[in-house]
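I opened a new page for this model. These are my entries, in the order in which I looked things up.

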Amino acid sequence: MQHVDTLIYAGWIIPVVPENVVYEQHALAIQDGKIVGLLPNSEAVSRFSGRITHRLPSHVLIPGLINTHTHAAMSLLRGIADDLPLQQWLQTRIWPVEQACITPEFVADGTRLAVAEMLRSGVTCFNDMYFFPDVAGDVAAEVGIRATIGLIVLDFPTAWANQASEYLSKAKDVYKKFQHHPLIRTAMAPHAPYTVSDNALQEASELAEQFNIPLHIHVHETIEEVEAAEKEFGERPISRLHRLGLINSRLIAVHATQLQNDEIKLFAREGVKVAHCPESNLKLASGFCPVPKLSRVNIVTALGTDGAASNNDLDVLGEMRTAALLAKGLSRDASCVPAAEALRMATLNGAKALGIDHITGSLEIGKSADITALDLNHLESLPIYNILSQLVYAIGRDKVSDVWVAGRHLLKARVLTSIDIHELQAKTWLWRERIVKILQKQAKEAAQSSE
Ligand SMILES: CSC[C@H]1O[C@@H](n2cnc3c(O)ncnc32)[C@H](O)[C@@H]1O
Ligand SMILES: [Zn+2]
């Protein structure tokens, strides 16, 4: 009999690795934050005794979901600008507000709000890109969620830095700050080809190489982005990134809605990973990432929500469903992105994109106990013939009951254990008041300048 920290008896376990396997009546044993046993309940009873034991007979355990692209703190901007295309949304609505309200406090409170939402949606890891990445990393560490924090680079001044050289020097500091943290990693995060110069892109790429971390960038998000680059530089952004040395296996290409066949071949050859954000792309009418073509050539495609100001939620379970339905609808092939592939995109592929698939992304012995439990004993999720079908096509994030990150129970029967939600709600209401004032002032100024 082996004594372990936690033993979870479950109705079903979908480990993701091996592929297309569903274990019924199985248990997970956890010691020191890692999975040390995955075996039938009947055997677990005599092999393990848990200091804490959970009996979840109507639940399915899956690897914690991974949000491969978000701007966490933008949760505080949810709903301030809807029904606009990307550039209008960014330039006329989002950037002016960000210019007026971004502070370390905004990022701390916004990131905590996002983390609370993500944990309650079954997300155990997120890949962030936002101002004050040091603060976002501190919040993630304090709550106990796994995160890759984007070391942002832009070519214009913001509250975080004044010019590319300052962004790059702060990137080094933030990288060092989290270098040895067990849950927090970093990635270089130049915002997009249209906001970062050749020099800064190259330097960001060199730092990614030096630090051995991913490089995360919005690219080919819309046809307008590609056409503007062709007009201005006579070159498509991916070709420019290739010329500058950024097209390699560290690259997480976010959105990638405009891909020619030669670009897909290039991505496949170089091992580029794609972060597909179907709901943000739909809402901003940005276009469609060619997921079936990418999977045909084995490009790792993961899922992201983007920020809550363009999505407008951080629901990766919802993205799985949208990704599967969108791929089928666009290809007119119902077999495209089957449920198991959608789940792999939201788990293992996210871990692969972030270079942490040796740690997380599947429920395997030796990996971190990053686990999401969903309770299926509800009218909306019965009867159960096919658990994967239920997970991807039928249920919503409200069925997420429990979440563990590195064995730590962060969501217990839908209650967050490391966030004071009353304080968080109060702070969010205060931010709403401040942001409404900013919006009113900006609307007044816009009206005056158009008179
Ligand atoms: C450098 S901090 C991140 C920066 O990105 C902006 N942003 C949010 N969503 C998108 C998107 O879909 N495409 C491009 N840029 C986006 C965000 O507002 C911050 O300014
Ligand atoms: Zn984004």
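Entry 1, terms and conventions. I take helices (H or I, at least four residues) and strands (E, at least two) as DSSP runs, numbered from the N terminus. The model is a predicted one, where local features need pLDDT of at least 70, side-chain atom pairs count only at pLDDT 80 or more, and totals for chains, interfaces and linings use all residues. Residues are numbered from 1 along each chain as its sequence is written, and chains are lettered from A and ligands numbered from 1 in the order in which they are written.

I asked which element gives the most to the shell around ligand 1. I count a residue as near a molecule if its C-beta atom, placed from the backbone, lies within 6 Å of it. There are 18 residues around ligand 1, and those that come nearest are Ile94, Ile152, His191, His218 and Gly307. By type, I noted 9 nonpolar, 6 polar and 3 charged residues in this shell. Here Ala, Val, Leu, Ile, Met, Phe, Trp, Tyr, Cys and Pro count as nonpolar, Asp, Glu, Lys and Arg as charged, and the others, Gly among them, as polar.

An unreviewed entry in UniProt carries the annotation "binding site" for His69, His71, His218 and Asp306. They are spread over 238 residues of sequence but cluster in space, with a largest C-alpha distance of 11.8 Å. I found His69 in strand β5, residues 65-70. UniProt (unreviewed entry) also lists residues 60-408 as "domain: Amidohydrolase-related". UniProt positions are in the numbering used here, feature names are shortened, and annotations may be inferred rather than shown by experiment. Over residues 60-408 I read 43% helix and 17% strand, with the end C-alpha atoms 18 Å apart.

At what angle do α5 and α6 pack? Helix α5 (residues 164-178) and helix α6 (residues 198-211) pack at about 15 degrees, their axes 10 Å apart. Axes are lines fitted to C-alpha atoms, for helices over the stretch in contact, and angles run from 0 to 180 degrees between N-to-C directions. That makes α5 roughly parallel to α6, a label for angles under 35 degrees. In the contact, Ala164, Leu168, Ala171 and Tyr175 of α5 meet Ala200, Glu203, Ala204, Leu207 and Phe211 of α6. The contact residues divide into 8 nonpolar, no polar and 1 charged. I use contact for two residues whose C-beta atoms, placed from the backbone, lie within 7 Å.

The axes of α4 (residues 133-143) and α5 come within 10 Å and cross at roughly 15 degrees. The two helices are therefore roughly parallel to each other. Pro133, Asp134 and Gly137 in α4 meet Val174, Lys177 and Phe178 in α5. I sorted the residues of this contact into 3 nonpolar, 1 polar and 2 charged.

The peptide bond from Val17 to Pro18 is cis, with omega near 0 degrees, and Pro18 lies in the loop between β1 (2-13) and β2 (23-31). The bond from Asn311 to Asn312 is also cis, with omega near 15 degrees. I placed Asn312 in the loop between β12 (301-303) and α12 (316-331). Phe132, a residue other than glycine, has a positive phi, near 50 degrees. Phe132 sits in the loop between β6 (123-128) and α4.

Terms used. Parallel < 35°, antiparallel > 145°, perpendicular 65-115°, else oblique.
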